[in-house]
Amino acid sequence: GYQLAALLRARPGQADMLLVAATGYGHEDDLRRSRAAGFDHHLVKPVDLAALAQILEGVAPAARE
């Protein structure tokens, strides 16, 4: 996951992509590693679905009327 996130961030046109780590590791060092790799958010399993929904709502396009 860390390598993939870093590769995606390095690709042209992919820098603004939302990356969310879903992992079983939740220590401070794990969080630092995921941030350094380019993840925007770090969620520990079992993932809090309300937290995930809030993250996704923040990037969803506005509804059209």
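The following questions and answers explain the terms used for this predicted model and the values behind them.

Residues are numbered from 1 along each chain as its sequence is written, and side-chain values use heavy atoms, with hydrogens and water left out. Because the model is predicted, local features need pLDDT of at least 70 and side-chain atom pairs count only at pLDDT 80 or more, while totals for chains, interfaces and linings use all residues.

Q: What makes up the secondary structure of the protein chain, and in which order do the elements run?
A: The protein chain has 3 helices and 2 strands, where helices (H or I, at least four residues) and strands (E, at least two) are DSSP runs numbered from the N terminus. From that terminus on, the elements follow the order α-β-α-β-α, and the C-alpha trace spans about 45 × 30 × 15 Å along its principal axes.

Q: Why is S34 called buried?
A: Buried means under 20% relative accessible area, exposed means over 50%, and partly exposed lies in between (1.4 Å probe, protein chains only). S34, which is placed in helix α2, has a relative accessible area of 1% and is therefore buried. Of the 65 residues of the protein chain, 22% count as buried.

Q: How do you know whether E57 is buried or exposed?
A: The relative accessibility of E57 is 61%, so this residue counts as exposed. E57 is found in helix α3, and its C-alpha atom lies 22 Å from that of L31, a residue 26 positions away in sequence.

Q: What makes the link between the side chains of S34 and H42 a polar contact?
A: A polar contact is a pair of N or O atoms within 3.5 Å; within protein, one must be able to donate a hydrogen and the other to accept it, and residues adjacent in sequence count only if both atoms are side-chain atoms. The side chains of S34 and H42 are joined at 2.8 Å, so the pair falls within that limit. The side chain of S34 also reaches the backbone oxygen of L31 at 3.0 Å.

Q: Which residues is S34 in contact with, leaving aside its neighbours within four places in sequence?
A: Contact means heavy atoms within 4.5 Å, and on that basis S34 is in contact with Y2, A21, F39 and H42.

Q: Why are α1 and α2 described as roughly parallel?
A: Angles under 35 degrees count as roughly parallel, over 145 as roughly antiparallel, 65 to 115 as roughly perpendicular and the rest as oblique. Axes are lines fitted to C-alpha atoms, for helices over the stretch in contact, and angles run from 0 to 180 degrees between N-to-C directions. The axes of helix α1 (residues 2-10) and helix α2 (residues 28-37) come within 8 Å and cross at roughly 30 degrees, and α1 and α2 are therefore roughly parallel to each other. The contact is made by Y2, A5, A6 and R9 of α1 together with D30, R33, S34 and A37 of α2.

Q: Which residues form the largest nonpolar core, and what makes a set of residues such a core?
A: A nonpolar core is a set of buried Ala, Val, Leu, Ile, Met, Phe, Trp, Tyr and Cys residues joined through side-chain atoms within 4.5 Å. The largest one has 6 residues, namely A5, L8, L19, A21, A37 and F39. F39, in the loop between α2 and β2, has a relative accessible area of 14% and is therefore buried. Not counting residues up to four places away in sequence, F39 touches G1, Y2, A5, L19, V20, A21 and S34, whereas L8, with neighbours within four places left aside, is in contact with Q14, M17 and L19.

Q: What kind of peptide bond joins K45 and P46?
A: The bond is cis, with omega at about -5 degrees, and P46 is placed in the loop between β2 (41-44) and α3 (49-57). As a general point, most peptide bonds are trans.
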